[in-house]
Amino acid sequence: MSERAVVLPATVDETSAVLTDAAERGLTVAVRGAGQGWATPRADLLVETSRQDQVIEHVAGDLVARVQAGATMGHVAEVLAAHGQRLSLDVPPDITVGGMLATGTAGPLRFRYGPPRDLLIGITVVRPDGVVAHAGGKVVKNVAGYDLGKLYAGSHGTLGLIAEATFRLHPLPQSSTYLTAAFTGHAAAAQAIVAASGSMLQPTAVELHWPAGGDLTVGVLLEGTASGVAERARQLTDQIRSSAAAASAAPSVTVSGSPPGWWGTLPGAGYPVARTSFWLSRLAEVLAIIANADARCSAGGSAGAGLLYLCPCDGADVGELVASLRMLLGNRGDASVLTEPWAPAGPLAQAVKDQFDPEGRFG
């Protein structure tokens, strides 16, 4: 095997053999799926998962599916939808399962169902030394080894290669309705998001869409039976309008059976380069900092779940914006530049990295 090579193993055993050989040669390794598209670390060996792209097992009666890491989320969604089920992680369809897990990526459904690790019940990984490890199981009640899945979810490929994952599924809803409301001021938008997120009407998603220099649009998804969704939509419309009335004129709320064009997409024309997570109580302050930042950027994401992605305009540097958000949030949130090489944050994360990859060859 030559240095600076690209390999595409077709099985877990082949992946194990490749990584065993790389360890013996002392090669640095990076894994490429689809993820969110931010920079792949420089490495001697690039391992692609595109040949491991199948739904291995779908036990519809148990609401469980086992999939290979190279399968795209769009393909997984098609297979599950044929049985009236879904994996409640509505990310862009071209993202791979492994990339989604490694980056901790989740779409609008994150508000109700959580990030990928919350739906993960089993995982197969190949360690940097080539050893194959399994954790969890194929049934929801089996949680043995679940912590290994939590370690790898969001590890950005620095602890080894995710080969397979088993997920808990949910039935497809009978009916879906989308409420959207546009705001000219960030204070009113924040109040509407907080009101919708805390509503007893059980929204499935609460999103924010904020193009650079444009109005802020709040979007809310309601799911359930047709009659129940219709009544909840009527009540939630009233709640959104009344929540924002104190900060500005009550907004017009649009109700539709189809999502707005921006729903579930990343802000801006390209990929976001920064992400901020926060307690919902700090949302108004987060939006104020973004609005007043020197670097103009688009923002969007699951604001109701305390998560926004930022995409700068015209190549602007968002480093200062990220620093301002970190100062504001303290221990009640975080902000990071995603195009920088990912590194463990803090001594505990570094200790985990040292345990799994003592030679520092991955990521």
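The structure is a predicted model, in which local features need pLDDT of at least 70 and side-chain atom pairs count only at pLDDT 80 or more, while totals for chains, interfaces and linings use all residues. Residues are numbered from 1 along each chain as its sequence is written, and side-chain values use heavy atoms, with hydrogens and water left out.

**Overall architecture**

- The protein chain contains 11 helices and 18 strands; helices (H or I, at least four residues) and strands (E, at least two) are DSSP runs numbered from the N terminus.
- Of the 363 residues in the protein chain, 50% are buried; buried means under 20% relative accessible area, exposed over 50%, and partly exposed in between (1.4 Å probe, protein chains only).
- Among contacts in the protein chain with a separation of 6 or more, 69% come from residues 24 or more positions apart, a contact being heavy atoms within 4.5 Å.
- The accessible surface of the protein chain is about 15,800 Å², and carbon and sulfur atoms hold 52% of that area; accessible areas come from the Shrake-Rupley method with a 1.4 Å probe, and for residues only the protein chains shown count as cover.

**Cysteines**

- The disulfide count under the 2.5 Å rule is zero.
- Cys313 takes part in no disulfide, and the nearest cysteine sulfur, in Cys297, is 6.9 Å away.
- Cys311 has a relative accessibility of 9% and therefore counts as buried.

**Second largest pocket**

- The second largest pocket holds about 510 Å³ of space. On a 1 Å grid over the protein atoms alone, a pocket is an open set of points with protein on both sides within 12 Å along at least five of seven lines, a cavity is a set of points where a 1.4 Å probe fits but cannot get out, and lining residues have an atom within 4 Å of a point. Grid points are joined across faces, edges and corners, and a volume is the space filled by probe spheres set on the points.
- The lining of this pocket comprises 25 residues, with Ala77, Leu89, Asp90, Val91 and Leu109 nearest its centre.
- Helix H2 (73-81), strand E6 (85-86), strand E11 (175-183) and strand E13 (216-224) are the elements that each give two or more residues to that lining.
- H2 gives the most to the lining of the second largest pocket, namely six residues.
- By residue class, the lining of the second largest pocket has 17 nonpolar, five polar and three charged residues; Ala, Val, Leu, Ile, Met, Phe, Trp, Tyr, Cys and Pro count as nonpolar, Asp, Glu, Lys and Arg as charged, and the others, Gly among them, as polar.

**Cavities**

- The whole structure has two cavities of 30 Å³ or more.
- The largest cavity contains about 200 Å³ of space.
- The largest cavity is lined by 22 residues, and Glu207, Gly264, Thr265, Leu266 and Gly301 are the closest to its centre.
- Strand E12 (205-210), strand E16 (297-301) and strand E17 (307-312) each supply two or more residues to the lining of the largest cavity.
- The lining of the largest cavity divides into 11 nonpolar, nine polar and two charged residues.

**Ala205**

- Ala205 belongs to strand E12 and, at 0% relative accessibility, counts as buried.
- Beyond its neighbours within four places in sequence, Ala205 contacts Pro108, Leu109, Phe111, Gly219, Val220, Leu221 and Trp263.

**Positive phi values**

- Leu63, a residue other than glycine, has a positive phi near 55°. Leu63 sits in the loop between strand E4 (55-59) and strand E5 (64-68) and is partly exposed, with a relative accessible area of 27%.
- Gln202, also a residue other than glycine, has a positive phi near 55°. Gln202 sits in the loop between helix H7 (186-197) and E12 and is exposed, with a relative accessible area of 53%.

- Gly26 lies in the loop between helix H1 (12-25) and strand E2 (29-32) and is partly exposed at a relative accessible area of 42%.
- Not counting residues up to four places away in sequence, Gly26 touches Asp44 and Arg361.
- Ala245 is part of helix H8 (residues 226-245) and counts as partly exposed at 41% relative accessibility.
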